Amino acid sequence: MEDKNHSPSLKPSDLVLSNCPSQNPTWTMATKGNPGDNRSRSPLSSLFIVAGLCCFFYILGVWQRSGFGKGDSIALEITKKAEDCGILPNLEYETHHGNQSSSFDDPNQEIKEIEPCAEQYVDYTPCHDQMRAMTFPRENMNYRERHCPPEEEKLHCLIPAPKGYVTPFPWPKSRDYVPFANAPYKSLTVEKAVQNWVQYEGNVFRFPGGGTQFPNGADAYIEQLASVIPIDNGTVRTALDTGCGVASWGAYLFKKNVLTMSFAPRDSHESQVQFALERGVPAVIGVLGTIKLPYPSRAFDMAHCSRCLIPWGANDGQYMMEVDRVLRPGGYWVLSGPPINWRSNYQAWQRPKEELEEEQRKIEEIAELLCWEKKHEKGEIAIWRKRVNNEYCRERDSRVTLCESSNAENVWYKKMEACVTPYPQTTNSDEVAGGELKPFPQRLNTVPPRIASGFVPGLSVESFQEDNKLWKKHVNSYKRVNKILDSGRYRNILDMNAGLGSFAAALESPKLWVMNVVPNIAEQDTLGVIYERGLIGIYHDWCEAFSTYPRTYDLIHGNGVFSLYKDKCNAEDILLEMDRILRPEGAVILRDHVDVLTQVKRIASGMRWNIKMVDHEDGPLISEKVLFAVKKYWVVGDNNSTVSE
């Protein structure tokens, strides 16, 4: 395709390769030397020269990548220049302008403009839709689980932002303040007024850090836990908050460098998870119901329930057994609120003391079967610790049903079972089953035990280290294009195909967090490795909607996602879901084969995205390319596209 910035009448004999002017690899008119030189040179000889230069650079590139020869330094220098040339500087991340054509555009392909959805879909969550949910059984919270629409009911339109929507405050201010226009629902300010959850103040919500079980604030509550649990020294890094409310517990644990995965069910009025995400706290819509949690075994250092209303003693203890599955050997479980200390509180809780007594008896009984050690009970807080290996639990084996160990990671839409996940084998009583982890942040780049032990087929220590090195290189390349990548502008980040979590590791900063998604069809199940690095993530199928509200993420990254799902589902559906969960003025980075990204670009060009494709950082001869995009700012009622709205 001809560059629109230059005359189409130019011939090869009129051109020389520029030395990356303005960081853009373009052909420019020759301005030096004798003008007669070009007239005396035949077009055929020029073509031979160009072809020869291309072959020369290609051979040098191959030579450099092969690792042999004394020309490596020359080839490396050429590669560096190619990296600089591949940057296209005219993609704006703060203010947006019209798209400009690139060498990857296909002018023969028609771009379909995708229309906005109606205003009623501003907070649409496809797999947790309220109307659909009410058609499912209420038993065991089945109706609050994922129930995605069939193909014929999917929306093929862009979810609008509410009027007045603004970019959230930067962290840590966002922890305490959320613009009212972004989630204009006051129910919690009334229902939880005495519990200090959230207060409405003019055009913002304020989150004082209170909670039902921590009236003195989340900081004071966390310090109580830290007197028993080693939260301060990096031993506890990943936490799970079940029934999280507005996720103040997870929000304040960031001070301790603890990363919390919070979840709560989609509700019709309280918008708890939506508030958590607007605050910049990791959270998903979810519930302990009939399906296993979408996390691997041995993932979390700590699990927590603060008056989360989960019937822990019901269904033969399968909810506690599911917590045991995802809790790392040596991890902690915190239960605060009913029925703990029921003797002193049954009147305040307005529940029969016999009922509360039986509830606590069942919890204690199941904890014993799980071989958890009770470490603490004071006031309304009880803390148990999971044993580090099975050597302490021999006596209980005959009293419990052990799950099949091969099913511990196979959880996507799998029924929860009343069985205990077995420990990995150990050789002595001091060994931590599954491998001991370094304190964070050392564990981020230390070889994870699942790789060191060969637990994940096809992965080795060397491949882990190479992956780490590669993604540091990729992220450095991203930062040359999107110069505000690590400025704090992007707080909530999603990696759609996270692999070993090396993208998140390269970005690691208190300014941001990354939700690492491992697709359920991925060739290798690496989510356990991601958690062993001190990162968080979730299993998901990108043929379906993600368990979150619209406008959740500031930046979405995807490596090979569309190649992975080729022939599995429609690329347009995946892009529409990305648009749904991306904030206005949020960014997208997609890395894939050029043919795949060209098709993605054609679809996304009709979605109110500003888009630019660039070469691989190793130069234009690599078939893998990178697509950068920014979602335009628009809200309900805006008529700022070519479609009729």
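This is a predicted model: local features need pLDDT of at least 70, side-chain atom pairs count only at pLDDT 80 or more; totals for chains, interfaces and linings use all residues.
Seven strands make up an open sheet with mixed pairing, in the order β8-β7-β6-β9-β10-β12-β11. Its edge strands are β8 (283-285) and β11, each of which pairs on one side only. From one strand to the next, the twist averages 20 degrees. Within this sheet, β6 and β9 run parallel and are joined by three bridges. A239 stands opposite M302 in β9.

Helix α7 (residues 218-226) lies across β9, β10 and β12, and runs at about 45 degrees to β12. Helix α10 also packs on the sheet, where it touches β6, β9, β10, β11 and β12; its direction makes about 140 degrees with that of β10.

**Helix α10 and R325**

Nine of the nine residues of α10 are buried, so the helix is largely enclosed by the rest of the structure. The buried residues include Q318, Y319, E322, D324 and R325. Their cover includes the strands β6 (238-242), β9 (300-306), β10, β11 and β12, together with helix α12.

R325 is placed in α10. Its relative accessible area is 3%, and R325 counts as buried because this is under the 20% cut-off. A polar atom of the R325 side chain lies 3.0 Å from the backbone oxygen of L293. Residues up to four places away in sequence aside, R325 touches K292, L293, Y295, P296, S297, R298, A408, V411 and T421.

**Helix α12**

Helix α12 (residues 353-369) has 17 residues and spans 24 Å from its first C-alpha to its last, close to the 24 Å expected at 1.5 Å a residue. Buried in this helix are L356, Q360, I363, I366 and A367. These residues cover an arc of only 125 degrees around the axis, which puts them on the same side of α12. They pack against α10 (318-326), β10 (327-336), α11 (342-349), β11 and β12 (381-386). The exposed residues E354 and E368 are carried on the face turned away from the buried side. Just after α12, C371 takes a positive phi of about 70 degrees.

E377 lies in strand β11 (residues 372-378). Its relative accessibility is 38%, so E377 counts as partly exposed. Setting aside neighbours within four places in sequence, E377 is in contact with I340, N341, Q360, E364 and A382. One of these, Q360, is among the buried residues of α12. The side chains of E377 and Q360 are joined by a polar contact of 3.5 Å. A polar contact of 2.3 Å joins the side chain of E377 to that of K374. E377 and L335 are 42 residues apart in sequence, with their C-alpha atoms 9.5 Å apart in space.

**The sheet from β15 to β18**

Another open sheet has seven strands in the order β15-β14-β13-β16-β17-β19-β18, again with mixed pairing. Its edges are β15 (536-540) and β18 (609-615); each has a single partner strand, so one side of each is left without a neighbour in the sheet. Direction ignored, neighbouring strands are turned by 20 degrees against each other on average.

| Strand pair | Sense | Bridges |
|---|---|---|
| β16 (553-559) and β17 (582-593) | parallel | six bridges |
| β17 and β19 | antiparallel | seven bridges |
| β18 and β19 | antiparallel | seven bridges |

Individual bridge partners can be named for each pair. N559 has R591 in β17 as its partner. L590 is partnered by L627 in β19, and V614 by V626 in β19.

Strand β19 is mostly covered, with seven of its eight residues buried. Helix α14 (residues 461-481) packs on the sheet and touches β16, β17 and β19 (624-631); its direction makes about 130 degrees with that of β17. Helix α18 (residues 571-581) lies across β13 (492-495), β16, β17, β18 and β19, and runs at about 145 degrees to β17.

How values were computed:
Residues are numbered from 1 along each chain as its sequence is written. Side-chain values use heavy atoms; hydrogens and water are left out. Helices (H or I, at least four residues) and strands (E, at least two) are DSSP runs, numbered from the N terminus. Buried means under 20% relative accessible area, exposed over 50%, partly exposed in between (1.4 Å probe, protein chains only). Contact means heavy atoms within 4.5 Å. A polar contact is a pair of N or O atoms within 3.5 Å; within protein, one must be able to donate a hydrogen and the other to accept it, and residues adjacent in sequence count only if both atoms are side-chain atoms. Two strands pair if DSSP finds at least two bridges between them. Axes are lines fitted to C-alpha atoms, for helices over the stretch in contact, and angles run from 0 to 180 degrees between N-to-C directions. The expected span of a helix is 1.5 Å times one less than its number of residues. The arc is that of the directions from the helix axis to the C-beta atoms.
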